[in-house]
Amino acid sequence: IKSVNTSKLSSKLKDNLLSEVRILQELHHPHIVSLFYFKESHSHAHLVMEYCELGDLSAVIRKRASLGEHEATKDMVRKYPNPAIGGLNEVVVRHFLKQMASGLQWIRKRNFLHRDIKPQNLLLVPSRPWREAHKDVRQPLMTDEHVSEPASGIDSLPLLKIADFGFARYLSSIQLADTLCGSPLYMAPEILRYEKYDAKADLWSTGTVLFEMISGKPPFRATNHVELIARID
C-alpha cells in the first residue's frame, strides 16, 4: 500500500500522483505493476498496489552474490549462474529485457511515455511455478483480473513489472515533449540538453538498464548534468 500525505505535496507533485493513478487505471499488463484500489481523503491518498516481494532490479543486480541464498531466486542462480564479474547471467538478462520490451510496447500502443525507466522502477515477483509450489504455505497474491496478455520470457524465472508512473504522460506519435524529468544517469541525451524528445527517450533508458544488467553498473557516471552530457558525447 502506497500512502501519500497529500497535504504536504505541492500542486505539481499532487498532479503527478493523480496522473499516475489515472494512467495505472488504464494499463493492465503482466509486465506493468497493477493498481487494485485508490482512495483519497482530505489529507492522504492510498494506492493498493500489486505486491512485488523480490524488490527492484537494482537490488537484484547489487546483491547478485547472495541471490543463491534467497528461496525464490536460488534455483535461478543454480540454473543460470552469474558471471565471475559484472552483472547477471545472459539468459536472465535477455529474459528481463524481453519483459521490459513487452511492457513498454503496451504503454506505447496507448500513447504513453514513462520517462523514468531505471532499475529502481522495475519490480520483481517470484516465478509462477515457484508461487504454485508454495501456495499452501504462503498468502496468495492478488492478481489483476483485467490482464489478458500472456507473460513474456522464461516461465521459471522471476516476473518483471514496470512501476512508478509519476512522471509518465500521454504523448501521441506526432507530439514532442520538453519537460526535464526522470533520473539523470538513465536519461536520454536530448532530455539532458533540454531539447524536445519523443517516446524514443524510453528506449535510451532501456539501453542503459540493459548495460547495467550485463556489467553491474550504469554506462555513464557523473556528478551533474553537464558532466553527464560530456561523458555521453
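This dialogue goes through how to read several features of the predicted model shown above.

Biologist: What should I know about the model and its numbering before I start reading?

Modeller: This is a predicted model, in which local features need pLDDT of at least 70 and side-chain atom pairs count only at pLDDT 80 or more, whereas totals for chains, interfaces and linings use all residues. Residues are numbered from 1 along each chain as its sequence is written, and side-chain values use heavy atoms, with hydrogens and water left out.

Biologist: How many helices and strands does the protein have?

Modeller: Helices are DSSP runs of H or I with at least four residues, and strands are DSSP runs of E with at least two, both numbered from the N terminus. In this protein there are eight helices and seven strands.

Biologist: What share of the residues is buried?

Modeller: A residue is buried under 20% relative accessible area, exposed over 50%, and partly exposed in between, using a 1.4 Å probe and protein chains only. By that rule, buried residues make up 45% of the 233 residues in the protein. Accessible areas come from the Shrake-Rupley method with a 1.4 Å probe, and for residues only the protein chains shown count as cover. The protein exposes about 12,600 Å², and carbon and sulfur atoms supply 53% of that area.

Biologist: How should I read the length of helix α1, and which of its residues are buried?

Modeller: The expected span of a helix is 1.5 Å times one less than its number of residues. Helix α1, residues 11–24, has 14 residues and reaches 20 Å from its first C-alpha to its last, which is close to the 20 Å expected. An α-helix has 3.6 residues a turn, so residues three or four places apart point the same way. The buried residues of α1 are N16, L17, S19, E20, V21, I23 and L24.

Biologist: In which sense do β2 and β3 pair, and what lies between them?

Modeller: Two strands pair if DSSP finds at least two bridges between them. Strand β2 (residues 35–40) and strand β3 (residues 44–49) pair in the antiparallel sense over five bridges, with L35 standing opposite M49. The two strands form a hairpin with three residues between them.

Biologist: Which way do the residues of strand β6 point?

Modeller: From β6, residues 159–162, L159 and K161 point one way and L160 and I162 the other way, and all of them are buried. Strand β5 (residues 122–125) pairs with β6 in the antiparallel sense over four bridges, and L122 stands opposite I162.

Biologist: Where is S102, and what does its side chain do?

Modeller: A polar contact is a pair of N or O atoms within 3.5 Å; within protein, one must be able to donate a hydrogen and the other to accept it, and residues adjacent in sequence count only if both atoms are side-chain atoms. S102 has its place in helix α4, residues 90–109, and is buried, with a relative accessible area of 15%. The side chain of S102 makes a polar contact with the side chain of S152, at 3.4 Å. Not counting residues up to four places away in sequence, S102 touches H29, H31 and S152.

Biologist: Where is R115, and is its phi positive or negative?

Modeller: R115 is found in the loop between β4 (112–113) and β5, and has a positive phi of about 75 degrees although it is not a glycine. R115 is buried, with a relative accessible area of 13%. D164, in the loop between β6 and β7 (169–170), also has a positive phi, near 60 degrees, in a residue other than glycine. D164 is partly exposed, with a relative accessible area of 32%.

Definitions and conventions:
Contact = heavy atoms within 4.5 Å.
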